[in-house]
Amino acid sequence: MRGAGGGANLLALRSHNTALVLDLLRTAGAEGISRLELAERTGLTPQAVSKMTARLREEGLAAEAGRRASTGGKPRTVLRLVPEAGHAVGVHLDRDELRAVLADLDGTVVARRRTALDLGAGAEAVLGRVASVVGELGTEVAGVRSLLGVGVALPGPLDHRRGVLHRVTGFPEWDGFPLREALSARLGSVPVVVDKDTNAVALGLAVGGEGGSFAYLHLGTGLGAGLVIGGSVHRGPRTGAGEFGHQVVQLDGPPCGCGDRGCVEALCLAAVARGETEEAARVLGTGAANLVGLLDIDRVLVGGRTVEGAPEVFVSGVRRVLEARARRTGEECAAVRSVPGEGRVAEGAAQLVLAPVFGQDG
């Protein structure tokens, strides 16, 4: 797989106008879209669109998709996106396993990997494993032309802008580690984006058409939230938003790995460990109700490895708590549903690289 060179060229194309055109090409699908339509929808001049699409064709990002009958004059040539012109790797670093995907420009997953991982084994071992998996994905798929970058999603808290980890719950040794810089160097200067696992899923959902404002609650080896407000992932000024699992709901409750007591995460995971799934769902619902009351969001989506084991129980348990809150306040109850697919974090991590190419929040 060709890495830094081709990827850097593609990423350099990401001007605002180019992103608009690329997004329209992607949305048009295999049927394509004409240059005139691109000009009409973007507000750009036909001349500007012609220059831009010529450059995209030179780079291999766009290609002719045939001709379409015109209302007058000669038939119009239509253009389409070339999905295989670029790829991104999405990596999910969980506390005990690594999942990775290779996705094309459309976001279609063309290869997957899953392997055991000890996040506490140290930076050298973890970086080596990630680099190995990225290399495996690249060699598995014939015809991969360019790697735009690698998106890495893992438990927070962390600094998304700088790609630096903070005190990951249960793994304080990662505090202050420059993951983005270190992994990029290991991969030969391939661009790397680092974000929380919950934000990666939230971004993937938003790119996939989940509109409005919603919260994605991820219950796996830990508990966190990805927040989408008005269609954009909300990270906060220090990129620390969404530390949902560490809101205290029981004063002087059981100790949590974060150092506090009575956190939603500690109570929820303890109930799961005891086999009390309905109690875990009730605790999750209590935290969700606080979030709905604070942010006035439309929907609560639940997912993650633990939810996958009993999605109906978690959805109904969270819904009951939210319905009780709605009755007290007289407000409409936020919708609740599960989001299936354990591979969603890795797929969302790939979108950390792909979404900005199309002008979306990455």
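The legends below describe a predicted model, first as a whole chain and then in close-up views. Local features are reported at pLDDT of at least 70 and side-chain atom pairs only at pLDDT 80 or more, whereas totals for chains, interfaces and linings use all residues. Residues are numbered from 1 along each chain as its sequence is written, and side-chain values use heavy atoms, with hydrogens and water left out.

View 1. Helices (H or I, at least four residues) and strands (E, at least two) are DSSP runs numbered from the N terminus. Of the 362 residues, 51% count as buried, where buried means under 20% relative accessible area, exposed over 50% and partly exposed in between (1.4 Å probe, protein chains only).

**View 2. The largest nonpolar core, with 32 residues.** Such a core is a set of buried Ala, Val, Leu, Ile, Met, Phe, Trp, Tyr and Cys residues joined through side-chain atoms within 4.5 Å. The residues with the most contacts inside this core are V91, L93, V150 and V152. Elements that give two or more residues to the core include β4 (87–93), β7 (147–154) and α5 (123–140), and α5 gives the most, with seven residues. Leaving aside neighbours within four places in sequence, V152 is in contact (heavy atoms within 4.5 Å) with residues including V91, L93, L183, V194 and A349. A second, separate core of 31 residues includes L217, L219, L291 and A310.

**View 3. The cis peptide bond between G156 and P157.** Omega of this bond is about 5°, and P157 has its place in the loop between β7 and β8 (158–159). Most peptide bonds are trans.

**View 4. T239 and D252, with positive phi values in residues other than glycine.** Phi is near 55° for T239 and near 60° for D252. T239 is found in the loop between β13 (232–233) and α8 (264–273), and D252 also lies in the loop between β13 and α8. T239 is buried, with a relative accessible area of 2%, whereas D252 is exposed, with a relative accessible area of 71%.

**View 5. R320 in helix α11 (residues 311–329).** R320 is partly exposed, with a relative accessible area of 48%. R320 and C333 are 13 residues apart in sequence and, C-alpha to C-alpha, 9.9 Å apart in space.
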